[in-house]
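Here's a quick briefing to read with the structure open beside you.

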Amino acid sequence: KEEAPKEEKKEEAAKPAITISAKDVKALRDKSGAGMMDCKKALTECGGDFEEAVVWLRKKGMASADKKASRIAAEGGIAQYIHAGARLGVLVEVNCETDFVARGDRFKELVNDIAMQTAACMDIEYVSPEDADPAMIAAEKDVQMKMEDMLSKPENIREKIVQGRLDKMVNEKALLKQDFIKDTSKTVEELIKEATAEIGEKISIRRFVKYNLGEGMEKREEDFAAEVEAQTQALKAKAEEKKEEAPKEEKKEEAAKPAITISAKDVKALRDKSGAGMMDCKKALTECGGDFEEAVVWLRKKGMASADKKASRIAAEGGIAQYIHAGARLGVLVEVNCETDFVARGDRFKELVNDIAMQTAACMDIEYVSPEDADPAMIAAEKDVQMKMEDMLSKPENIREKIVQGRLDKMVNEKALLKQDFIKDTSKTVEELIKEATAEIGEKISIRRFVKYNLGEGMEKREEDFAAEVEAQTQALKAKAEEKKEEAPKE
């Protein structure tokens with residue numbers, strides 16, 4: 001017994017004294033992201049070997065990250081990624097424990113990396129394998145068990161083979177199981193664990209959504225040459241009809257009309273205000289006797305009629321846009337469609353799509369694009385409630401239905417994006433804005449879909465007393481130290 005401690009002291013004395021420079025500590029900190037004292041300890045433990053110290057810290061970090069996995073993470077940030085050409089868009093929410101960490105550059109970089117990663121993984125459908133639909137897995141298992149290559153296998157190993165196939169399929173669709181695009185030596189799951197260890201808080205990817213432009217929509221497949229020819233023939237036929245119907249008195253009226261000189265300056269001013277074509281602007285001013293405001297109204301009426309005619313066309317091109325509000329606590333992704341890629345690449349269309357994204361973020365209560373998208377079951381249930389309300393029972397039966405329908409229409413419209421006042425010009429609704437854009441651009445424009453993320457919505461929030469938590473941790477450390485003292489052998 002007396003010899004054992006002496007031998008330990010000799011071994012300790014035999015350990016070479018290693019000088020760890022501040023430069024080495026800083027270099028390790030820059031590479032690993034760990035604290036200064038942890039980096040110094042790692043280099044000391046590894047005899048100054050830099051690479052070994054990185055591995056030592058990583059192992060330590062992984063253990064630390066696993067311990068933090070049970071904590072509540074309801075703060076964080078929302079990020080987006082729109083791929084070049086605006087044909088692919090992603091919105092993600094990544095959570096941490098405190099707003100302080102969420103505002104840090106390291107966390108922001110991580111969230112942006114996750115958004116880009118999500119865009120790069122074409123086949124992912126959920127964050128974690130645990131999020132896979134159990135019904136889908138069960139159905140796939142049933143199919144796999146009945147496949148011909150399985151029937152020829154011994155019964156005792158069929159289950160294992162099928163389970164292996166299912167695990168592979170589920171993992172291929174899980175974001176966490178994908179190789180990190182910036183460093184394929186680690187998975188996204190390992191990246192998150194490393195970030196948790198480095199930052200010192202639980203980090204978790206909560207959700208994501210991905211839009212591919214026009215997915216699932218009917219594409220335009222018309223013969224454009226034939227379409228132009230058909231339209232030309234239709235215009236010719238219409239012109240012939242007008243010639244036959246036109247009364248001879250028209251010539252007299254034309255002679256009586258005063259000749260109005262329309263300046264290029266007036267035409268340009270009207271074009272800048274209305275967005276219509278140069279020839280349309282000149283015609284509007286001529287028809288309205290040079291009156292600027294009347295010409296604006298004339299063009300708008302013409303435009304609205306033109307927009308309504310275009311409503312039946314197929315619009316499967318367009319763009320995807322995003323809006324992240326200051327602080328990254330609110331994010332929006334929208335898809336707006338037009339008919340051709342040529343229009344989609346234009347500045348006017350891009351401006352419109354960005355306006356719609358900002359509009360969507362500004363309207364807190366919207367749930368769908370159009371009133372027609374409202375859930376019929378929800379409307380029917382609400383109607384049933386409204387019809388039984390006390391104030392309705394006192395009304396004559398013949399007007400109850402109308403009053404309730406009015407209330408339902410108001411409720412449905414309040415949740416529809418198209419029925420909201422446009423934030424940049426409250427004299428028009430979003431629906432009117434889209435009609436004007438359709439008339440101006442000359443193609444059908446439509447808002448197809450949107451998604452909105454509010455940071456931490458529906459999650460449990462951290463409400464611990466931090467002073468009490470620190471006190472509890474201190475007491476636990478003291479108790480542990482006392483236990484060690486009691487266990488130490490009496491020499």
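Predicted model: local features only at pLDDT ≥ 70, side-chain atom pairs only at ≥ 80, totals over all residues.

Strand β2 covers residues 88-96, and helix α21 covers residues 430-441.

**Strand β2: how enclosed?**
- Nine of the nine residues in β2 are buried, so the rest of the structure largely encloses this strand.
- Both of its faces are covered: L88, V90, V92, V94 and C96 are buried on one side, with G89, L91, E93 and N95 buried on the other.

**Strand β2: its partners**
- β1 (residues 75-82) runs antiparallel to β2, and eight bridges join the two.
- Within that pairing, G77 sits opposite V94 of β2.
- Five residues lie between the strands of the β1 and β2 hairpin, where G85 takes a positive phi near 95 degrees.
- β5 (residues 204-212) also runs antiparallel to β2, joined to it by eight bridges.
- R207 in β5 is the bridge partner of E93.

**Helix α21**
- With 12 residues at 1.5 Å a residue, α21 should span 16 Å, and this agrees with its end C-alpha atoms, which are 16 Å apart.
- Which residues of α21 are buried? They are V430, L433, I434, A437 and T438.
- Looking down the axis of α21, these buried residues fall within an arc of 140 degrees, so they line one face of the helix.
- An α-helix has 3.6 residues a turn, so residues three or four places apart point the same way.
- Just after α21 comes G442, with a positive phi of about 90 degrees.

Note on methods:
Residues numbered from 1 in each chain as written. Heavy atoms only, no water. Helix = DSSP H or I, 4+ residues; strand = E, 2+ residues; numbered from the N terminus. Expected span 1.5 Å × (residues − 1). Buried < 20%, exposed > 50% of the residue type's maximum accessible area, 1.4 Å probe, protein only. Arc of directions from axis to C-beta. Pairing = 2+ DSSP bridges.
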